[in-house]
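Subject: Structure for you to look at

Hello,

Here is the structure I promised to pass on. Please open it first, then read my notes beside it.

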Protein chains: 2
Amino acid sequence: MTVQDLRQLLETNDLPALQDWLARHHPHEIADELGRADAVRAVLLFRLLDKDRALAVFEELGPSDQHKVLSGLRDQAFRDVLEAMDPDDRARLLGEAPAKFARHVLAGLSPRERTMTAALLGYPDGSAGRYMTPETVALRHHLTVGDALQVVRERGADAETVYTLPVIDDQRHFLGTLSLRDLVLNPPDRQVVELTDTTTPRVRATDPAETAARLMQEANLLDLPVVDSEDRVLGLLTIDDAVEVIEAADTEDIARQSAAAPWSGHYMSASVVQLARSRAVWLLLLIFAATLTVNVLQFFEATLEQVTALALFIPLLVGTGGNAGAQAATAAVRALAVGEVRTRDLLRVAWRESRVGLVLGTMLAAVGLGIGTLLVDFPVAATVALSLILVCGWAATIGATMPLLAKRLGIDPAVISAPLVTTLVDATGLIIYFLLARLVLGL
Amino acid sequence: MTVQDLRQLLETNDLPALQDWLARHHPHEIADELGRADAVRAVLLFRLLDKDRALAVFEELGPSDQHKVLSGLRDQAFRDVLEAMDPDDRARLLGEAPAKFARHVLAGLSPRERTMTAALLGYPDGSAGRYMTPETVALRHHLTVGDALQVVRERGADAETVYTLPVIDDQRHFLGTLSLRDLVLNPPDRQVVELTDTTTPRVRATDPAETAARLMQEANLLDLPVVDSEDRVLGLLTIDDAVEVIEAADTEDIARQSAAAPWSGHYMSASVVQLARSRAVWLLLLIFAATLTVNVLQFFEATLEQVTALALFIPLLVGTGGNAGAQAATAAVRALAVGEVRTRDLLRVAWRESRVGLVLGTMLAAVGLGIGTLLVDFPVAATVALSLILVCGWAATIGATMPLLAKRLGIDPAVISAPLVTTLVDATGLIIYFLLARLVLGL
C-alpha cells in the first residue's frame with residue numbers, strides 16, 4: 001500500500017485499514033507521515049499506535065511536531081509519552097514550547113525525570129548541555145574490567161548508551177573514556193585505568209552544540225563526554241543527537257544562504273503565512289538596498305539617455321557579477337562552517353578570490369564581446385567586456401571576504417547570503433559599467 | 001603553541017619543535033593541518049609521526065589528501081599505511097586515484113586485504129557497497145547469548161565495529177540485528193534469536209550511499225546492514241562513514257546551489273585554476289541564458305527610449321524577483337534532500353508557493369510604490385509595484401517547482417541553483433515589466 005492510500009484512508013476514517021498500514025511501516029516512516037499531516041490527523045494516527053510503537057514514533061518527531069501531537073492528547077496519554085522520553089529530547093521539546101505548556105509538562109513528570117529535565121533546561125539554548133544525555137554509566141578509575149562489566153550490567157538498562165563509558169576519579173572528575181568494546185575484549189582482571197583512553201576530547205556543557213557535534217564528526221566519536229566548569233562529568237552527547245545538530249545547522253545555513261530566516265518546522269506542514277514570514281524580512285532589507293541601484297542609474301541618467309543600448313546589458317552584467325559573487329560567498333561560508341578556513345585567512349582568501357574572479361571575468365568578457373558585437377555594436381560590446389572583468393574580480397573578492405569579516409565581528413557568516421552579496425555588488429557593478437562607458441564611448 | 005607557529009616551524013625546519021607540536025595535538029587537528037599544507041610539507045609532517053599516530057592521522061584525511069601524502073612516501077612506509085587502513089577507506093581512496101596508482105597499491109597489499117578492497121571496488125562509485133566495512137562479526141541464529149559473547153571476543157579485534165551484530169541463518173541470509181548492549185545486559189543462557197531485532201532496515205550494496213546514510217539518520221542507527229541481491233549479509237555501514245556521506249552530500253548541494261561544480265578538495269589547498277574551473281561552466285551557461293534579457297530589452301527598446309526612467313528600476317526589479325525565486329528554490333531543494341517533499345507534491349508546492357510569492361510581492365509592491373514615487377513619478381512607480389507582485393508570484397512558483405520537475409526527470413534537483421532560477425526569472429520578469437508599462441503608461 002502506498003502513502004497516497006494513507007491519505008485516502010485518513011479521509012475515509014477506515015480504522016482497521018489504518019491500523020494495518022501502521023503495523024507494516026517503520027517508526028521513522030510513520031513519523032514522517034505524522035510530520036506531513038495536520039494536527040487532527042496526526043493525533044488520530046498517533047492514538048492508533050500501541051504504546052511501545054507510539055514512543056518509538058514520538059522520538060523520531062522533531063520538537064514542533066512533538067508539540068503538535070502532544071497538544072492533542074488527553075492527560076494520561078500525555079504523561080505516559082513524556083515520562084518515557086529521554087531527558088535531553090524532553091528538554092529540547094520544552095525549550096521550544098510556550099511557557100504555559102512547559103510548566104504543565106514539568107508538573108506531570110515524576111520527581112526524578114523532572115529534576116533531570118529541569119537541569120538540562122538550565123543550559124543555554126543550542127548548547128551541548130541541552131543535547132547531552134545525563135543517563136550514562138560512569139566507571140570509577142580503580143575498578144577491574146570484570147567489576148566494570150558488572151556495573152554496566154547493573155546500571156546499563158537505564159542509560160541511553162553504554163558504548164562509551166566515562167572514567168572518573170572519586171570527585172567525579174573526568175579522566176578519560178573506556179569503550180564497551182574494550183571491556184568485552186579484555187580479560188576480567190585487567191585494570192580499567194590501564195585501558196582508559198585519556199586523549200578523548202570533552203566539551204563544556206555551555207559550549208555550542210554545533211561545535212561539539214562537528215568535533216565528534218572530525219574525531220569519529222560515537223559519544224562525546226560533557227563536563228562542567230570543574231571538569232566533572234555531566235553526561236554524554238550521543239552521535240544520533242550530534243547528527244541532528246549538524247543537519248539542523250546545515251539546513252539553517254542553506255536557508256540563510258538564500259536570505260530566508262531558518263525555521264524548525266516541516267516544509268509541507270508550514271502555512272503560507274509562516275513561509276512568507278521566514279522570507280519577508282530579508283526581501284524587505286534587500287529591496288531597500290536595491291534602491292542604491294536606482295540612485296546610481298539616476299546619477300548616470302544623462303549617459304543612459306545618450307546611449308540607450310547601454311541599458312540592454314544591465315541585467316546581464318549585474319546578473320553575472322551577482323553569480324560570481326554568490327559562488328565565492330557560498331564557498332567561503334561552507335569552508336568556514338566545516339573548518340577549512342579561519343578568520344585569520346582573510347587576506348589569503350581575498351588574494352586568491354580576486355585572481356579567481358579576474359580569470360573568470362576574462363573568460364566571460366570574451367563571450368560578452370561576441371554577444372555585444374553581434375547584437376549591438378563594438379564600442380558598447382567592449383564596454384560590457386571590460387566591465388565583466390572588473391565586476392567579476394570585485395564580486396568574487398567581496399563575496400568571499402564578507403563572510404570572514406562577519407565572523408570576525410561575531411556575526412553568523414551564513415547571514416552573508418548570496419542575495420545580499422548580489423544586491424551589494426549590483427550597485428558597485430553599475431558604477432564600474434557607466435564609468436567605463438564614459439571612458440570608452442568618450443561621453 | 002598556536003597553529004601560526006606551526007607554519008614558522010615548517011619554514012625553519014625546526015624538527016624537535018615540530019615533533020613536540022605533533023605530540024601535543026590530536027590526530028584530527030594534525031590531519032587538518034596536513035590538509036592545509038602543500039604536498040612536500042604534508043609528507044614531512046607525516047613522516048615525523050610515530051607509526052600508530054600516523055595511521056590515526058591518515059584515517060582522518062580525505063581521499064585527495066591521503067593521495068597527496070601517499071605519493072610522497074617511500075615503498076615500505078607506503079605499504080605499511082595501506083595495509084593498516086580499513087578496506088572501505090582504502091576502496092574510496094583508490095576509487096578517486098589514477099589507475100596506475102591504484103594498481104601499484106593493490107599489488108603491494110597482502111592477499112586478504114587485496115581481496116576485500118577489490119570486492120568493494122566492484123560496487124559503483126557512491127554506492128553503499130563502497131562505504132561499508134566487510135569486517136563485521138555476524139552471529140548464527142542458533143547461538144545462545146553466552147556463545148555469542150564468545151564469538152565477539154574471538155573475532156571482535158579484527159572488526160571495525162562490534163556494537164551491531166548481524167544475525168544470519170546457515171546460508172548467511174539476513175535475519176535481523178543484535179546489539180552488543182543486549183548481549184551484555186542479558187543472561188548467557190538466553191537465545192540470540194529471541195533478542196534479535198527483526199525490524200532493522202537494511203540496504204543493498206548497490207543502493208546509493210546517501211540514501212543509506214539518511215536512513216540511518218532518520219532511524220537513529222549506529223550501523224546499517226548491507227546485503228546482496230539475495231539478502232546475504234556483506235557488511236555494515238557505520239555511522240562515522242554515514243556522517244561523512246551526509247556532510248559530503250550537503251557540501252555538494254550547497255556548492256550546486258551557488259552554481260559551482262562540487263569538488264572534493266580542501267578550500268585552502270585548491271589552486272586558483274581549480275577554483276575557477278569548478279565555477280566556469282555554470283557561469284558560461286548562465287551568461288548565455290542572460291543573453292535572453294538583452295533580446296527582451298531590444299524588443300522593448302522603443303518603449304525604453306520613450307521613458308528612460310523605466311531603465312532605472314530594472315536592477316531592482318530583476319534583483320528582487322531573483323531573490324524571491326532563489327528563496328523558494330533553496331527551500332524546495334533542501335526539503336527534497338531531507339525527504340520532507342516528494343516529486344508527487346508538485347502541484348501542492350506550486351499552489352502554496354504561488355500564494356507565498358503573491359503575499360511577498362504585495363508587501364514589496366508597497367515599498368516599491370513609495371521608492372518609485374519619491375525618486376521618479378507615480379505612473380512609473382505604479383508600474384514597478386504591479387510588476388513586483390506578479391514577478392514575485394511567478395518567481396516563487398518557478399523556483400520551487402523546477403527542483404521537483406528536475407527530480408522527476410532524474411536530474412539532481414540541486415542543479416536548479418539560485419543563479420539558474422534568477423537568470424531564468426530575469427527575462428520573464430522584464431517581459432511582465434514592459435507589458436505592464438505599456439498598459440499603465442499608455443505607450
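Below is what was found, going from the whole chain down to single residues.

Please keep in mind that this is a predicted model.

**Chain A as a whole**

Chain A has 23 helices and six strands. Its radius of gyration is 29 Å, while the globule rule gives 22 Å for 443 residues, so chain A is more spread out than a compact globule. The C-alpha trace spans about 90 × 60 × 40 Å along its principal axes. Of the 443 residues, 58% count as buried. Chain A exposes about 17500 Å². Carbon and sulfur atoms supply 58% of that area. Now take the contacts in chain A between residues at least 6 apart in sequence. Of these, 68% join residues at least 24 apart.

**The nonpolar cores**

The largest nonpolar core holds 128 residues. Which of them touch the most other members? They are A:Phe434, B:Tyr267 and B:Phe434. Look at B:Phe434 in the viewer. Leaving out residues up to four places away in sequence, B:Phe434 touches B:Leu297, B:Phe300, B:Thr303, B:Leu304, B:Leu310 and B:Ile314. There is also a second, separate core of 45 residues. Among its members are A:Ala128, A:Ala219, B:Tyr131 and B:Val245.

**A:Ala205 in its loop**

A:Ala205 sits in the loop between β4 (203-204) and α15 (209-218) of chain A. Is A:Ala205 buried or exposed? The relative accessible area of A:Ala205 is 4%, so this residue is buried, since buried means under 20%. Setting aside neighbours within four places in sequence, A:Ala205 contacts A:Tyr123, A:Ser127, A:Ala128, A:Gly129, A:Val226, A:Val227 and A:Leu234. A:Ala219 is 14 residues from A:Ala205 along the chain, and their C-alpha atoms are separated by 19 Å.

**Helix α15 of chain B**

Move to chain B and find helix α15 (residues 209-218). This helix is mostly covered, with seven of its ten residues buried. The buried ones are B:Ala209, B:Ala212, B:Ala213, B:Arg214, B:Leu215, B:Met216 and B:Gln217. After α15(B) comes B:Asn220, whose phi is positive, near 50°.

**Salt bridges**

Side chains of opposite charge can pair when their charged atoms come close. Over all chains, the structure holds 34 salt bridges. Which residue of chain B pairs with A:Glu247? The partner is B:Arg214, with the closest N and O atoms 2.8 Å apart. This pair crosses between chains, from helix α16 (residues 239-257) of chain A to helix α15 of chain B. A:Glu247 counts as buried at 5% relative accessibility. B:Arg214 is buried too, with a relative accessible area of 8%.

A:Arg348 and A:Asp345 also meet in a salt bridge, 3.6 Å from N to O. Here A:Arg348 is partly exposed at 41%, but A:Asp345 is buried at 2%. In chain B, B:Arg348 forms a salt bridge with B:Asp345, the closest N and O atoms being 3.7 Å apart. B:Arg348 is partly exposed at 38%, and B:Asp345 is buried at 2%. Salt bridges that share partners also join A:Glu210, A:Arg214, A:Asp250, A:Arg334 and B:Glu247 into one network.

A:Leu386, A:Leu439 and A:Val440 make a nonpolar surface patch of about 280 Å². A:Val440 belongs to helix α23 (residues 418-441) of chain A. At 35% relative accessibility, A:Val440 counts as partly exposed.

Best wishes

Note on methods
Residues are numbered from 1 along each chain as its sequence is written. Chains are lettered from A and ligands numbered from 1 in the order in which they are written. This is a predicted model: local features need pLDDT of at least 70, side-chain atom pairs count only at pLDDT 80 or more; totals for chains, interfaces and linings use all residues. Side-chain values use heavy atoms; hydrogens and water are left out. A nonpolar core is a set of buried Ala, Val, Leu, Ile, Met, Phe, Trp, Tyr and Cys residues joined through side-chain atoms within 4.5 Å. Buried means under 20% relative accessible area, exposed over 50%, partly exposed in between (1.4 Å probe, protein chains only). Contact means heavy atoms within 4.5 Å. Helices (H or I, at least four residues) and strands (E, at least two) are DSSP runs, numbered from the N terminus. Patches are made of residues with over 30% relative accessible area and no salt bridge: like charges are joined within 9 Å, nonpolar side chains (Val, Leu, Ile, Met, Phe, Trp, Tyr) within 5 Å. Accessible areas come from the Shrake-Rupley method with a 1.4 Å probe; for residues, only the protein chains shown count as cover. A salt bridge is a side-chain nitrogen of Lys or Arg within 4 Å of a carboxyl oxygen of Asp or Glu. The radius of gyration is taken over C-alpha atoms; the globule rule is 2.2 Å times the number of residues to the power 0.38.
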